[in-house]
Amino acid sequence: MTSGSYHRQMSTSGVAVVTGASRGLGAAIALRLAADGRPVAVNYLRGREAADSVVARIREGGGTAEAFGADVVTEDGVAGLIAEVTEALGPVTAIVANATGAQPEVSVADLTWRTHLDQLEFFVKSPTLLVQAALPSMRASGDGRVILIGSDLADRAAPLMSAYVAAKNAQVGLTKVWAKELGPHGITVNLVQPGWIPVERHAGIDTDPYAAEVPLRRMGTPEDVAAMVGHLASSAGGFITGQRITVNGGHVI
């Protein structure tokens with residue numbers, strides 16, 4: 001038995017929606033879920049070309065995927081996204097809430113409610129809308145998956161990042177409550193917290209000082225995070241729920 005056939009046998013059925021999947025972590029997660037046998041909706045806000053490239057890579061590997069443009073912090077955007085995905089690919093049974101926006105450093109003296117809302121819209125509002133829209137099909141499947149992408153900054157408490165850290169910690173609460181509420185329907189809810197994972201936007205930044213602080217003495221890769229998401233989305237991860245799992249090489253031990 002090949003590793004590919006093993007992954008496909010262990011995968012659950014149904015379409016996975018990965019938000020912010022045109023690049024970075026989202027792209028790696030979409031590629032992993034498709035390799036594991038799920039049809040994947042590659043969501044993007046801008047950059048259709050990049051999303052199409054991810055879809056092309058999935059199809060070249062024998063997977064099923066389509067790109068869907070939508071603003072996932074708006075009610076209409078999410079409702080339209082789930083409707084379009086369902087029509088094109090089938091019922092949505094997995095949500096990976098990965099989309100994010102700007103993460104500016106703001107001192108407490110300059111913090112405004114708008115600063116908080118900018119983060120809460122991505123990390124609380126968007127997951128809420130996505131789960132609500134997909135809930136009927138996830139309940140019907142009996143093996144739904146909700147995976148939020150958080151950050152180990154929730155534990156590291158970096159100065160000047162209070163709005164971001166507050167929103168990321170809010171995801172911890174959502175994960176626990178939703179796991180209890182949705183568990184009776186066979187739906188698991190988990191939070192994956194990456195450390196600093198260099199992606200396209202980090203090109204040219206010296207990562208050596210950070211890597212030296214990591215017990216494994218290396219930077220993580222998008223594939224490291226995608227592997228954990230793939231496990232949680234599979235049937236092998238079906239008895240894991242309400243957990244936050246940090247993928248950072250032990251950096252916050």
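Two strands count as paired if DSSP finds at least two bridges between them. Helices (H or I, at least four residues) and strands (E, at least two) are DSSP runs, numbered from the N terminus. Welcome to a predicted model, in which local features need pLDDT of at least 70, side-chain atom pairs count only at pLDDT 80 or more, and totals for chains, interfaces and linings use all residues. Residues are numbered from 1 along each chain as its sequence is written, and side-chain values use heavy atoms, leaving out hydrogens and water.

**The sheet**
- Strand 2 (residues 40-44) pairs with strand 3 in the parallel sense over 5 bridges, and Val-42 stands opposite Ala-67 in strand 3.
- An open sheet is formed by 7 strands in the order 3-2-1-4-5-6-7, with parallel pairing.
- Strand 3 (65-69) and strand 7 (244-247) stand at the edges with a single partner strand each, so one side of each has no neighbour in the sheet.

**Helices on the sheet**
- Helix 3 (residues 48-60) lies across strand 2 and strand 3, running at about 165° to strand 3; angles run from 0 to 180 degrees between N-to-C directions, and axes are lines fitted to C-alpha atoms, for helices over the stretch in contact.
- Helix 5 (residues 113-141) packs on the sheet, touching strand 4 (92-97) and strand 5 (145-149), where contact means heavy atoms within 4.5 Å.

**A helix pair**
- The axes of helix 5 and helix 7 (residues 162-182) come within 7 Å and cross at roughly 20°.
- That makes helix 5 roughly parallel to helix 7 (angles under 35 degrees count as roughly parallel).
- Among the residues that meet are Phe-123 and Leu-135 in helix 5 and Leu-174 and Trp-178 in helix 7.

Notes
Parallel < 35°, antiparallel > 145°, perpendicular 65-115°, else oblique.
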